[in-house]
Amino acid sequence: MRRPNLPVILFSFSAFCGSMLALPAQAQISEVRGAIMAHNVETNVSKNAGKEDGPDVQVEVLWNSPDWLKFAFSPRPGVVASLNTQGETSFAGVGLDWTFPVSKNITIDPYLGYVIHNGDPLDNPYAPSDSVRRAKFNAEELALGSRDLFRLGVAVGYRHNETWTSYLVYEHLSHGHILGGSKNQGLDNVGIRLGRNF
C-alpha cells in the first residue's frame, strides 16, 4: 500500500486554508474550495465500498465562465486536486461546474470533468485460469481500468453570504467504457465542501 507523506499533506492543507482568506478578488478567479470526502463509499452506481480507505482532501479553483460557454448555460471552468490521506487513489484534473439557483441561498451544482489518478493496478493481474487469486483480487482490490477517468458529480450549495458557500457533495469517477477497457469498477466519494467566493 502507498503511504501518504503526512507533513506534505498538513502543509498543503494549511497553505490552502490560508490562501482562501488571503486571495484577492482578481485574475478572474470565481471561487476557491476545500473539501473533505469519504472515499470509496457504497452506492447504487458502483459496489466497491471498503476496497480503499479515506478520507480525501480536495482543493478546487474555479474561474468565471467565459462568454463562449454561454451556449452551455455558462459553466465555470476549474481545476481540482484530490489527495487520499491513506495513500490510496488520488487524482487531479480539469472540469466544468454549473450553478443553478433553487432559492435565494440554495443552489444545485452539477459538474463534469476529466482526471488522471495514481491508483494501481488498473486491472486484475491474474489470468482467468487462476480463478482463486483472480476472485480474491476482485473482492479486495479497486481496479479502475484506465489511468484517466471522467469525474461526474453534483453538489447542493448553501450560500451563507457573498463570500462563503458550503456544499454537500457526491461524485463518481469512471472511464465509462470510453476511456478504458472492460474493467470499469468506478469510485464514489461523498463529503462536505467550503467555498470562498470572489
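A: Rolling a probe the size of a water molecule over the atoms shows where empty space is left. In this predicted model, the largest cavity holds about 70 Å³ of space. A cavity is a set of points, on a 1 Å grid over the protein atoms alone, where a 1.4 Å probe fits but cannot get out; its volume is the space filled by probe spheres set on the points, which are joined across faces, edges and corners.

Q: How many cavities of 30 Å³ or more does a search of the whole structure find?
A: The search gives 2.

Q: Which residues lie nearest the centre of the largest cavity?
A: They are Glu 60, Leu 62, Gly 95, Leu 96 and Arg 151, out of 13 lining residues; a lining residue has an atom within 4 Å of a point. By class, the lining has 7 nonpolar, 3 polar and 3 charged residues. Ala, Val, Leu, Ile, Met, Phe, Trp, Tyr, Cys and Pro count as nonpolar, Asp, Glu, Lys and Arg as charged, and the others, Gly among them, as polar.

Q: Which strand supplies the largest share of that lining?
A: Strand 4 does, with 5 residues. Strand 2 (56-63), strand 3 (76-84), strand 4 (91-97) and strand 6 each give at least two. Strands are DSSP runs of E, at least two residues long, numbered from the N terminus.

Q: How do the side chains of strand 3 point?
A: In a regular strand the side chains alternate between the two faces of the sheet. In strand 3, Arg 76, Gly 78, Val 80, Ser 82 and Asn 84 point to one face and are buried, that is, under 20% relative accessible area with a 1.4 Å probe, protein chains only.

Q: What does strand 3 pair with?
A: Two strands pair if DSSP finds at least two bridges between them. Strand 3 is antiparallel to strand 2 over 7 bridges, with Val 59 opposite Ala 81. Another 7 bridges join strand 3 to strand 4, also antiparallel, and Gly 78 has Gly 95 as its bridge partner there. The hairpin of strand 3 and strand 4 has 6 residues between the strands, and Gly 87 takes a positive phi near 75 degrees.

Q: Which values were counted?
A: Residues are numbered from 1 along each chain as its sequence is written, and side-chain values use heavy atoms, without hydrogens and water. Local features need pLDDT of at least 70 and side-chain atom pairs pLDDT 80 or more, while totals for chains, interfaces and linings use all residues.

Key:
1 Å grid on protein atoms, 1.4 Å probe; cavity = no way out; pocket = protein on both sides within 12 Å on 5 of 7 lines; lining within 4 Å. Helix = DSSP H or I, 4+ residues; strand = E, 2+ residues; numbered from the N terminus. Buried < 20%, exposed > 50% of the residue type's maximum accessible area, 1.4 Å probe, protein only.
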